[in-house]
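Please look over the structure shown below, with attention to its salt bridges. The briefing that follows takes up selected pairs and their surroundings.

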Amino acid sequence: MALKLPIYMDYHATTPVDPRVLETMIPYFTEKFGNAASRSHRFGWEGEEAVGYAREQVATLINAEKPEEIVFTSGASESNNLALKGVAEFYKDKGSHIITTKVEHKAVLDTCKRLEKQGLTVTYLDVDKTGLVSVDDVRNAITDKTILVSVMLANNEVGAVQPIGEIGKLCKERGVLFHVDAVQGIGKTEFDVRAMGVDLASITAHKIYGPKGVGALYVRRSKPRVRISAQVDGGGHERGMRSGTLNVTGIVGFGKACEVLTQTWRDEVRKIEAQRNRLAERIFKNLDEVYLNGPALDSGKRLPNNLNVSFAYVEGEGLMMAIKDVAVSSGSACTSASLEPSYVLRALGVDEELAHTSIRFGLGRFTTDEEVDFVADLVVGKVKKLRDLSPLYEMAKEGIDIKSIQWAAH
Amino acid sequence: MAYSDKVIEHAENPRNVGTLDKEDPSVGTGLVGAPACGDVMRLQIKVTDGGVIEDAKFKTFGCGSAIASSSLATEWLKGRTLDEAETIKNTDIVAELNLPPVKIHCSVLAEDAIKSAIDDYRKKQASRRAQG
Ligand SMILES: Cc1ncc(COP(=O)(O)O)c(C=O)c1O
Ligand code: FES
């Protein structure tokens, strides 16, 4: 089969909708367009039933006890906001301290910053050089004021899979609620809210081959019964936790996406991991001075679809342009509006110079072996070409220590 | 962000990539930027006794716009006198390459590299005259 360009290798950013998901959604745009909150006619009942079914599909994927524990939202950013702000508000008499990590998604970090402005205290835990948080650090950070610990299941940049089960157990022992941003790990690594002692979990459809703009917050109903204050007021949808006419079409697609994953994820992980390893092998074998960011590939602590590497002496955006038929992303400052390199790489202690040279590859369901080989060979060729163009590579080859030079920072 | 055709063209076929002997008294070298900032440009000029730039070479660590800016700069430098070369402004580069606002600093870096290479050449010449 001929290779189709461009090639998509940015599955951490988003994923295409699976054809099975799309097919399930289509009737809900047109014939079955009812408002799930309309109680007086068939159109409404149909919508309500579809949403109820999707709720079960989502609950099954994460092993929630009851479908009612799923609150539909507009996506994981909203879910993270609702979890943190909702808990902070509801439990304000109980405490005012939240623990999280430095490598969370901005939807968690910026929510925490806002809560700090409102008088809460937030501890941002460091991670080790592979991006993993230590359970002992979480333990030591808990005080009698702590109401919530929020740790992501897996990191979107370097793929580090956090020890969620252990942190969940610790939180249970200490009577602290535990929120998990599970967006990147769902369907790629084990996630079971009951076995892992998770009280709240954020997920989103568009990272698991569902549509954009729909997600969920899992809110545990027993042992303990978790309460949150609504952040969107209105018609009292979603048992008062999130008002707003439900995105029935999106929710139907989200449900189907979860069902597909429940059935296929273990096999899918095997396929993707083999492809990721093949990509890494081919790159590392053919280039010197390539550095892996994040946990070792065979550590069992890294997402199977993630490869994040720094190609020393080659700036990330320059490389992305050179491989413009391949969609990836970079931690380089040049790609960001702020001109700051990735805060995640910084939290791992990755040298600033190397952060600028990082590329994140994200593989997925529709990645083929041919694509992997094509991308590996293209990257190898372009890195060599750009190194010939790099004054830093030339200096390094001449034995000049780049760090010894007095650079004029600008 | 989408790149302009000219940036892509220069980045894919950079002109005048290479290295001149920085010990050669007729060569001026400018090395600007910083690895920690994600961009380093080295621009070199070879100048005739009559003060005309007969050759220019560059190597750049940076984004596509930085590579294109320095590639364009070397093209413009060749055949100019030093005084003419000094009049090249980053805004000329921005206009020629259609750089968006976030990429203006890449063109500033190229202007700095030109200035710094000319400076280096002049310093070398002055110290030669002083010596002999
Ligand atoms: C870890 C993580 N959390 C949250 C989000 C936000 O999800 P959404 O795009 O559904 O708001 C993302 C995706 O960008 C993510 O990677
Ligand atoms: S070198 Fe960083 S934006 Fe151009």
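A salt bridge joins the side chains of A:Arg55 and A:Glu238, at 2.8 Å from N to O, where the term stands for a side-chain nitrogen of Lys or Arg within 4 Å of a carboxyl oxygen of Asp or Glu. This is a predicted model, in which local features need pLDDT of at least 70, side-chain atom pairs count only at pLDDT 80 or more, and totals for chains, interfaces and linings use all residues. Residues are numbered from 1 along each chain as its sequence is written, chains are lettered from A and ligands numbered from 1 in the order in which they are written, and side-chain values use heavy atoms, with hydrogens and water left out.

- A:Arg55 in helix 2 (residues 42-62) of chain A and A:Glu238 in the loop between strand 8 (215-219) and helix 7 (248-286) of chain A are 183 residues apart; helices (H or I, at least four residues) and strands (E, at least two) are DSSP runs, numbered from the N terminus.
- A:Arg55 and A:Glu238 are both buried, that is, under 20% relative accessible area, whereas exposed means over 50% and partly exposed in between (1.4 Å probe, protein chains only).
- A:Arg242 forms a salt bridge with A:Glu78, with 2.6 Å between the closest N and O atoms, and both A:Arg242 and A:Glu78 are buried.

**A network and the total**

- A:Asp18, A:Arg20, A:Glu268 and A:Arg365 are linked in a network of salt bridges, including the one between A:Arg20 and A:Asp18 at 2.9 Å, N to O.
- A:Arg20 is partly exposed at 41% relative accessibility, while A:Asp18 is buried at 1%.
- Over all chains, the count comes to 38 salt bridges.
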